[in-house]
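Morning, everyone. Please bring up the model on your screens, and we'll walk through it piece by piece.

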Amino acid sequence: MELGASDRVQEDKLARYFSWDPLKDARFSGSVVGEGHIGGKGRSLLFGMKVLRDSGDEELASVEMPESIFISVEVFEEFLEQIKNLNDIIKSDPDEIEKVFLAYELPPYVRQRLASFLSEVNFPVAVRSSSLLEDSLKYSFAGKYRSRLLHAEGDLARRTLLVENEIKRIYARTFFPTAIEYRCKHGLGEDKMGIILMRAAGEWRGRYYFPTTAGVGYSLNLRRWSTRLKAEDGLIRLVFGLGTMSTRRGYARIFSLTNPCLRPEGHNPYNVMRHAQECFQMIDGIKGDVVTYNINDPGVLDYLWKYYGKELGEYVQVYREEDEKGYWENLDLTYSKYNVDDTSKVCITFERFTKHNYDFFKRMRKLLGCLEHSIGAPVDVEFAYEPKAKKLELLQARPLWVESQTVNLDDANLIGKKIILKADRMVTDGQAKGIPYLVYVDHKIYVTATNKYEIARIIGEINKKLGPNQYILVAPGRVGSSNPALGVPIQYNELTNCKCIVEVGIPTLGFMPELSYGTHFYSDLEVDNVLYMPVFAGEKDNVFNEDWFESTPCERLPGLGIRIYKGKFDVYMSCAKNVGVVVAGEDERNGKDMDNR
């Protein structure tokens, strides 16, 4: 098929993006240690900074990048050359691989450069992977290698040694099973590792170091929660504290960049409270590592008030319950009389931040649009932002993989079929027909189950047994949650054969899907073309057909609440209509044992 003019322009832009060499740009070459490629994550970040500085826009040119150095892949190769019997070592278990790597030293010129950098940057640092394959348009390797935030107290020699060891641990991860399995699954072959050493974004506030806000941003909003939004509006996923929380399946505030007041969860105080961030992360200057606190823990609110004062009310509100109805109080009005009790809770809602910082949302939309225009593809970024100083730091920038699909969702598709699940938000384009199995987790059993982790492991075993693209997973709350009370704590590598995930919201039981676009979990879904949709039971234009699940023959796993239905299931999802459905046909195998198929 012949390319159109616009397609050729986009291909030319991508070609320039991938061929750009920071060693040939005097603004960046001095920050590179070694010769050759610095890996995908590092080169993409520097390209992003180049674009912003060359934009001619003062607001974009003022975006900062924390002080950084970039260690090239050549250093990785030098390091490996000194390891005897490397081919045998990398066949060992992960602990042994890491132990061997830690026993060897980095080249002297690298150690000297590390010491020089740390002598000038006496702050917490981020040590991040930047492999060659992370330069791919499609494969981000999100969460597959190692990155760490740390702060080393003591003299320069000790601080340098700690950073050296982190680099060697990242080198070792190149040969860990998680990374090897990911590369094998996608036919990617071997990888080589570069390193980014960066001052951590943030400020010291007493004992702790953290940015006020941080998060991830996307130039395309592929999972819209309202027809009032357009895909090209873009979105950000914002948290208070370190941005590490924004890439997990936890609570974060999701903003459309054109309508930041429009919440995915709506504006009911109870629902907002259920979705609001409570836990946040900081770097502990004494422990030297990342720590997590809940804002409702004793003393935490007092600590934050000491350093923020009334500014804290921009991000935090107090939820109170009265006569079985919830309402919000502004923190700066209620702080002196606030007490933790059963009818109130402190939540990080960003409510007043949204109203007072429209310039921030405009700036982020402009930044994402500029990068997308220059790279020739949609983009995602990581950033940190200090609202009071209006200081925006770019921490990562890379192309965003988007796979276009042709979807035919109309009444003709549904003739003679029963709709068992229907969603009206957060739907992207996709379809799958004739899926032979549906695995269902009964919310009535799961909510009181004491063996929630066992349930997750059993689903992993079912996943192995069924084979590629063979089943739909329907489960309450958040699939892959680290908190089993919120959803089944299954790992992504236990869902390798799943074709579609449906999260069912049961508000009365505390199960609520969450728009986790931007997390490592969803990066894997996009790359592997796993369809996803949330269904909110009882809400208008949503269908959770419990009668079908209760009356249709299936295989039940006693004590686990897991059911396996056999049939012919189709999934149709339309981003334009913001509608997704799962329909069921009939199959003579229903009720027979899975092993006898």
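**A walk through the model**

Just after helix α10, Gly187 takes a positive phi of about 60°. Helices here are DSSP runs of H or I with at least four residues, strands are runs of E with at least two, and both are numbered from the N terminus.

Some ground rules. This is a predicted model, where local features need pLDDT of at least 70, side-chain atom pairs count only at pLDDT 80 or more, and totals for chains, interfaces and linings use all residues. Residues are numbered from 1 along each chain as its sequence is written, and side-chain values use heavy atoms, with hydrogens and water left out.

Back to α10 itself, residues 177-185. Which of its residues are buried? Ala179, Tyr182 and Arg183 are. Buried means under 20% relative accessible area, exposed means over 50%, and partly exposed is in between, with a 1.4 Å probe and protein chains only. Looking down the axis of α10, the buried residues fall within an arc of 95°, so they line one face of the helix. That arc is taken from the directions from the helix axis to the C-beta atoms. As background, an α-helix has 3.6 residues a turn, so residues three or four places apart point the same way.

Next, a sheet. Four strands form an open sheet, in the order β6-β7-β11-β12, with antiparallel pairing. Two strands pair if DSSP finds at least two bridges between them. Which strands stand at the edges? They are β6 (203-205) and β12 (290-294). Each has a single partner strand, so one side of each is left without a neighbour in the sheet. From one strand to the next, the twist averages 45°.

Take the β11 and β12 pair. β11 covers residues 279-284, and five bridges join it to β12 in the antiparallel sense. Ile283 stands opposite Val290 in β12. Now look for helix α12, residues 300-308. α12 lies across β6, β7, β11 and β12, and it runs at about 70° to β7. Axes are lines fitted to C-alpha atoms, for helices over the stretch in contact, and angles run from 0 to 180 degrees between N-to-C directions. Contact means heavy atoms within 4.5 Å.

On to strand β8, residues 213-218. How many of its six residues are buried? Six of the six, so β8 is largely enclosed by the rest of the structure. Thr213, Gly215 and Gly217 point one way. Ala214, Val216 and Tyr218 point the other way. β8 has antiparallel pairings with β9 and with β16. Six bridges join β8 to β9, residues 235-240. There, Gly217 has Ile236 as its bridge partner. Six bridges also link β8 to β16, residues 379-386. There, Val216 has Glu382 as its bridge partner.

Now the helix pairs. Start with α8 (residues 108-120) and α9 (residues 156-173). Their axes come within 9 Å and cross at roughly 120°. That makes α8 oblique to α9. Angles under 35 degrees count as roughly parallel, over 145 as roughly antiparallel, 65 to 115 as roughly perpendicular, and the rest as oblique. The crossing is right-handed. A crossing is right-handed if the near helix is turned clockwise from the far one by less than a right angle, and left-handed if anticlockwise. Among the residues that meet are Leu114 and Leu118 in α8, and Val163 and Ile167 in α9.

α9 has another partner, α7, residues 94-102. The two pack at an angle of about 135°, with their axes 9 Å apart. α7 and α9 are therefore oblique to each other. This crossing is right-handed too. Residues in the contact include Ile97 and Phe101 in α7, and Tyr171 and Ala172 in α9.

Then α3 (residues 40-53) and α15 (residues 358-375). Their axes come within 10 Å and cross at roughly 105°. So α3 and α15 are roughly perpendicular to each other. Phe47, Gly48, Val51 and Leu52 of α3 make the contact with Leu367, Cys370, Leu371, Ser374 and Ile375 of α15.

Last, two loop residues. Met426 has a phi near 60°, a positive value in a residue other than glycine. Met426 is in the loop between β18 and β19. Is Met426 buried or exposed? At 3% relative accessibility, Met426 counts as buried. Asp541 also has a positive phi, about 65°, although it is not a glycine. Asp541 is in the loop between β22 and β23. With a relative accessible area of 45%, Asp541 is partly exposed.
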